[in-house]
Structure formats: structure tokens, C-alpha cells
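Subject: Structure handover

Hello,

Here is the structure I said I would pass on. My notes on what was found in it follow below.

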Amino acid sequence: MSRPQHTALAARYASSLLTYGLTEPEYEALDTDVLDKLTILIGPNQKPSSFVEMQAALQSMAKNVRNDIIYHNARLLCAIYRVPIESAGLIEYIIALSSSSVLRELVDELQFCDLIDSVKRALTAHFKVDEDTCYSQLDALASNGLIRSTTLTNSCDLILPESQVRLLTRSKLSSAEVYLHHLLSASPPAVFTLKDFSHLDTETLQQYLQSAVRQRLSGVNILIYGDAGTGKTELARALAKSLSITLYETKTMDSAGKRLEERYDVMSQSRLRMQYLSSMQALLGIHTQSMFLIDECESIFMDSDEYFAKDTLHRLLETNPNPCIWITNHIQYIENSFIRRFKLVQEVNAIEGKYIEPLAKQAFRGLRIKQPYIDKLLTTANITPAHIGNAAHVAKTINLTGQSAQEVVSEVIQSTLSASDLLATPLRYKPEMAFDASLLNIKQGKETIKQINAALAQHAPIRILLSGEPGTGKTAFAHHLAKQHDFNLVSVRCSDVLSKYIGESESNIANIFYDAQQHGNALLLDEVDSLLVSRERVTEQHNIQLINELLTQIECFEQPVFAATNYVRLLDKAVLRRFDVKLEAQCLTAQQSIALFKRVLSLRQLTQYEQQKLSILTQLTPGDFAIVARRMRFQADGDFRQQALSLLIEESRHKQSNHPIGFISKPI
């Protein structure tokens with residue numbers, strides 16, 4: 001629609017505002033800004049000096065409006081959004097408000113001048129309906145996603161995206177399909193088949209969708225969630241392909257390839273997508289071979305309270321005529337009230353190497369990459385099909401093959417994992433000295449150790465708390481037991497759990513325990529006091545929630561769990577009750593210290609002086625001797641014997657407790 005048509009259409013509603021809404025005293029009390037807006041509508045050459053003259057000028061301008069296009073398209077939208085034809089007048093007003101900044105500013109100014117009732121009175125008179133009927137029609141338009149909320153006076157809640165305004169004002173649309181063509185696009189063809197997702201239960205997904213489409217069931221929604229790059233979108237496309245169903249996605253680009261802009265940034269992207277989704281369901285309800293894909297759907301659910309009624313989403317999830325697949329990387333942001341309305345919920349975990357291999361071979365086709373390299377690549381922690389596909393794309397784009405292609409693939413994958421903080425530099429437990437059970441002094445005795453071994457041999461979910469001074473062998477003992485009974489032991493550090501965002505630490509804990517449960521791994525909570533400090537010492541509610549979450553996970557975990565701490569007295573009392581066995585590792589005896597000194601320095605005999613010094617060092621641990629062994633590796637040729645003894649004396653001195661007042665300790 002040309003500029004004069006925009007102005008004439010705006011003048012039509014401005015005329016109604018003055019004729020049915022404002023009295024002469026109210027008009028004369030208007031701010032000059034409002035009068036300036038009205039003057040713009042009637043043209044720069046006219047300057048009405050009175051209320052009557054302004055009315056006449058606007059009426060004259062409104063007579064010239066050519067509204068055939070908007071008149072036609074407004075009635076088409078009634079059919080698309082499933083509202084009565086009587087709502088067409090409201091839709092015309094919405095289009096006019098969206099297309100004319102002058103009319104929009106005029107309505108805003110009148111609202112600012114406390115003339116809201118006048119605006120409502122004028123518009124309902126213009127539409128020739130009572131106020132209840134008008135708001136009923138607005139409710140229907142808001143519920144179906146055309147407008148943000150039920151209002152006549154808040155222009156930001158009524159205006160449409162600019163791309164949609166252009167579509168509705170430039171030409172008569174011949175059908176709903178033409179309208180939806182500008183909002184939707186068919187999803188790209190599937191790259192993979194369901195066989196490539198053999199690690200998932202795709203059979204249930206496929207059979208359910210097939211039956212639902214055949215029976216034309218409504219309210220069919222599937223939620224697919226998991227980490228980024230695990231193949232969720234490709235799974236949706238593979239499902240559609242297997243059923244010969246057209247998969248639609250929300251169009252985010254216009255015909256020129258530019259991202260669809262939102263007018264004055266007042267409309268959220270989630271609201272826009274909800275509007276398109278509602279439109280799609282209205283159109284595609286008659287097509288039994290259509291399905292819709294909503295990617296990154298968490299934003300829609302998170303914005304449900306702010307940008308549209310939550311009931312709108314509930315109703316959509318219960319009544320949509322066409323199946324929808326919703327995809328998210330952040331399921332924790334979706335409320336349970338929404339999740340329970342999905343017919344199926346499928347998690348897509350990171351694919352293990354044996355399942356990725358067919359996808360990798362397909363991606364690397366033509367690059368002449370050797371099988372040994374692929375085998376090694378697939379052992380990379382956190383690698384996903386998306387990482388492999390992107391790296392292969394880069395190598396193919398710059399026309400590399402063989403060794404050159406392998407180097408680029410490695411570089412691209414490593415850089416991506418590093419940027420995502422997923423580059424696995426797994427800190428595997430590598431003790432400086434081999435574990436020696438004879439050096440482990442457990443206060444509770446051998447009978448307790450025997451009971452632990454019996455439980456682990458049966459793969460029972462035993463919970464073991466290890467306490468004691470640093471270096472006494474707590475962590476080494478946990479790894480020794482896990483290895484002895486064929487458990488993969490996953491060590492959990494404080495940094496694996498804690499997050500600056502409230503609620504995310506609890507989610508991290510849940511994920512750690514869930515992954516360990518799924519893979520049959522035992523868990524080691526190292527330095528557990530940093531997470532399970534007594535709740536009497538905690539003031540922040542979110543920290544108490546973190547403790548409660550960890551306690552719950554420990555109690556429900558069905559694999560062995562070890563926890564190690566140097567400060568058992570700091571632990572919450574409820575923690576102690578959760579553990580079946582509580583072990584205290586003590587420092588080395590004099591005889592053990594002498595024997596270990598000989599072993600580490602490869603000595604047959606010790607001097608009397610060395611034996612005497614080692615005998616009075618009562619707080620030595622295997623960890624202290626590990627420090628000696630490590631220092632020896634970096635020592636230049638020469639006698640390290642005296643330095644080793646001095647190092648142990650210094651380590652022992654560091655551990656001495658505060659001396660009582662009035663006494664001076666004797667030097668060792």
C-alpha cells in the first residue's frame with residue numbers, strides 16, 4: 001500500500017476517534033504533540049483552527065481511503081485464525097495501526113492523556129459492536145497468536161511484524177497457503193535415516209507418529225531434548241522422512257535472505273513464533289501429511305507469562321491438529337506443567353563412538369581419511385555428529401584430502417570443543433606411587449574392609465565415607481576398590497557442580513548422578529565437605545537446596561558411591577546418616593614411615609639418625625612420600641637422601657597444630 005493509502009487509512013480511524021471519542025473540551029485540552037499528529041494525517045497545507053474543522057478535514061481524508069486490499073486480507077485472516085468474520089473490522093484496525101506510525105503515536109498520546117475510555121468508546125462505535133463483544137473478539141485473536149494481548153489502547157500489544165504488514169497491505173492474498181508460504185518453510189531434507197540413531201528408541205517414536213497421523217489424532221506433541229550437537233533436529237527430519245510426511249519450520253529469513261526484523265523490537269521472537277505456529281495449525285489442520293518442527297523451543301515456554309497467556313500454550317499442546325516436534329537444549333527451563341502435556345519425551349544423549357562411526361564415514365566420504373584415524377577420533381570425549389559434520393565441511397570446502405584433511409578436521413574439532421569448554425583433558429587419577437594396602441591405616445579395622453569388599457563384589461549400592469588427614473590414601477583407596485571390583489570410578493570435583501546461576505548447581509548434580517547411573521559407574525565425591533557443609537553454617541536458601549539435592553541423589557543412587565573429606569566435622573549431620581560405612585584413614589606408623597623411606601629412596605639400611613627422625617614424625621602420610629618421589633624425578637644427579645629427610649621434616653612441621661599458650665615446642 002502506498003504512502004497516501006497508509007495516511008488515508010490512518011485518517012479513517014483518527015476521524016472515528018474525534019467523532020465518537022472526544023468532546024470539544026477534551027480536544028481543546030490536548031497537548032500540541034497530539035494536534036501535530038492529527039495535522040500530519042490531513043496534510044501540511046491544512047491547518048484546522050477548531051475541533052469542527054479538524055473533524056471535517058479527517059473525514060474528507062478518510063473518504064479517499066482505498067481499503068480493498070486490507071478489507072480482503074482481513075477476512076482471509078479470520079479464516080486462518082479461526083475467528084468469526086465479524087472480527088474482520090478489528091483486524092483491519094490492527095493492520096492500520098501496524099502500518100502507520102502516526103496513528104500508533106496518536107493512540108499512545110491519547111492513552112498518555114488519560115483518554116483511554118474515550119479511545120475505547122470511539123473504536124467500539126467504529127466497529128459497531130458493544131465493548132463486551134469487542135473484547136471477546138480480541139480474546140480470540142490473542143489466543144490464536146495474532147496479537148500479544150487483549151487490548152485496544154496499548155499499541156505495542158497489537159502491532160504485527162513489518163514483514164507481515166508488507167504482505168497484508170501490498171496485494172490481495174489468493175489463499176491461506178499463500179499467506180503461510182511467507183511464514184513457513186519446508187525443513188531441509190534429512191541427511192540421515194533412523195538407522196543412524198540406533199542408540200535411541202526410535203521405533204516407539206516412529207510407530208506412535210505413524211498411528212497418530214493415520215488416526216488424525218489432535219494434541220500430538222513430542223519433546224526431544226539433549227545437549228547441543230547430538231542430532232536432535234536431524235532425528236526429527238529422519239522421522240518425517242521415514243513416514244513420508246512434510247516437515248515445516250518457522251521461516252526466519254525473507255525471500256532476500258535477510259533475517260525477519262521485528263518492528264521497534266517490541267515483539268519477542270517467541271511471540272512471533274507462537275503466532276506462526278498458531279497460523280500453521282489453522283492452515284495445516286486439513287493436511288494429514290504435515291508435521292511441524294519448533295527448534296530452541298525453551299524461549300517460547302519461558303516467555304509464556306510475559307508475551308502470551310500460559311493457557312494459550314496449554315491449549316495448543318492439547319488441541320493442535322498436526323503433530324509437532326519440539327526441540328530444546330535446556331529442558332530445565334521448561335515447567336513440568338508443560339512437559340506433562342507432551343505425549344512422548346525423548347532424550348538424545350551424546351552418541352558413543354560405535355554409533356557415530358557410520359555418521360563419520362558418511363561425513364568423511366571423499367576426504368580419503370584412514371580408518372585408524374577415525375577410530376581414534378571417535379574416542380574423543382564430548383564429540384558429536386555436529387562437530388564431525390562441521391569439520392568435514394571445512395575440509396571439503398578447501399578441497400583437502402588425506403593427511404591434510406585429517407589435520408584440519410582435528411584442528412576444527414579441537415577448537416570447537418575448546419570454545420564450548422568441552423575439550424576433554426580428562427584428569428585421570430595417576431598416583432605417583434602404586435597403591436599399597438599395607439600402608440593404609442583404617443581405624444575401623446580389617447573386618448570393616450572385608451564387609452566393603454563383599455558388598456562391592458555383589459555390585460551393591462554401598463555408600464562409603466572416607467575421612468582423614470590429607471595424603472592418607474582416601475582417594476587412592478577408592479580407586480583401588482573400584483578397580484578391584486571392575487567399576488569405572490567417576491571422580492566429581494567441586495568445579496563440576498557449582499554454578500553462579502541459582503538452580504543450575506542442583507541440575508548439574510542431578511545430571512552427574514543420572515549419567516553415572518546410566519553407565520553403571522561408581523562415583524567419588526572428592527572433598528565432599530565443600531558441597532555438604534552443615535546446614536547450620538549455611539544462610540543462603542539456594543545453598544541449602546543444593547545440599548538437599550545432593551543428599552537425595554546419594555540416597556537414590558543405585559551404584560557404589562564414595563565420598564572423601566579432610567574435615568568430617570564440617571559435614572551436615574544428615575550426610576553421616578546417608579553413608580553405610582564411615583572409614584577414618586590415619587597417618588603412618590613409625591615402622592611404615594621407615595619402610596616407605598627405604599622403598600622410595602631404594603635404600604637397604606637407614607642410619608640411626610634417619611630412623612630416629614622418622615620415628616618422631618607422627619603425622620607423615622603416603623602423600624608426603626609421594627611428594628618426595630616426585631621431587632626425586634626432577635633432582636639432578638647427587639645424594640638426595642638428606643634432602644628427602646629434610647622435606648619430610650618440613651611437611652610434618654606444616655601439619656603441627658597450634659601450640660598451647662606458655663609452651664614452646666622443641667625443634668625436631
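A residue is called exposed when its relative accessible area is over 50%, buried when that value is under 20%, and partly exposed in between. Arg368 has a relative accessibility of 65%, so Arg368 counts as exposed. Please keep in mind that this is a predicted model.

Overall

The protein chain holds 32 helices and 12 strands. Of its 668 residues, 48% are buried. Among contacts between residues at least 6 apart in sequence, 78% join residues at least 24 apart.

Residues with positive phi

Arg368 sits in the loop between helix H19 (353–363) and helix H20 (371–377). Its phi is near 55°, which is a positive value in a residue other than glycine. Glu527 is another residue other than glycine with a positive phi, here near 50°. Glu527 belongs to the loop between E10 and helix H27 (541–556).

In general, the strands of a sheet pair through backbone hydrogen bonds, either parallel or antiparallel. Strand E10 (residues 522–525) and strand E11 (residues 561–565) run parallel and are joined by 3 bridges. Leu525 has Ala563 as its bridge partner in E11.

Helix H21 (residues 385–397) has 13 residues and spans 18 Å from its first C-alpha to its last, close to the 18 Å expected at 1.5 Å a residue. Which residues of H21 are buried? They are Pro385, His387, Ile388, Ala391, Ala392 and Ala395. These residues lie on the same side of H21, because they cover an arc of only 160° around the axis. His393 and Thr397, on the other side of H21, are exposed.

In helix H3 (residues 32–42), the buried residues are Val34, Lys37, Leu38, Leu41 and Ile42. Their arc around the axis is only 135°, so they are on the same side of H3.

Helix H6 (residues 88–99) has 12 residues and reaches 16 Å between its first and last C-alpha, close to the 16 Å expected at 1.5 Å a residue. H6 is mostly covered, with 11 of its 12 residues buried. Among them are Leu90, Ile91, Glu92 and Tyr93.

Two single residues

Ser187 lies in the loop between strand E1 (184–186) and helix H12 (202–215). Is Ser187 buried or exposed? Its relative accessibility is 13%, so Ser187 counts as buried. The side chain of Ser187 makes a polar contact of 2.9 Å with the side chain of Arg237. A further polar contact, of 2.4 Å, links the side chains of Ser187 and Glu249. Apart from neighbours within four places in sequence, Ser187 is in contact with Arg237, Leu247, Tyr248, Glu249 and Leu293.

Ile116 is in helix H8 (residues 116–127). With a relative accessible area of 28%, Ile116 is partly exposed. Apart from neighbours within four places in sequence, Ile116 is in contact with Leu110, Gln111 and Thr153. The C-alpha atoms of Ile116 and Gly21 are separated by 9.5 Å, and these two residues are 95 residues apart along the chain.

Regards

Terms used. Residues are numbered from 1 along each chain as its sequence is written. This is a predicted model: local features need pLDDT of at least 70, side-chain atom pairs count only at pLDDT 80 or more; totals for chains, interfaces and linings use all residues. Side-chain values use heavy atoms; hydrogens and water are left out. Helices (H or I, at least four residues) and strands (E, at least two) are DSSP runs, numbered from the N terminus. Buried means under 20% relative accessible area, exposed over 50%, partly exposed in between (1.4 Å probe, protein chains only). A polar contact is a pair of N or O atoms within 3.5 Å; within protein, one must be able to donate a hydrogen and the other to accept it, and residues adjacent in sequence count only if both atoms are side-chain atoms. Contact means heavy atoms within 4.5 Å. The expected span of a helix is 1.5 Å times one less than its number of residues. The arc is that of the directions from the helix axis to the C-beta atoms. Two strands pair if DSSP finds at least two bridges between them.
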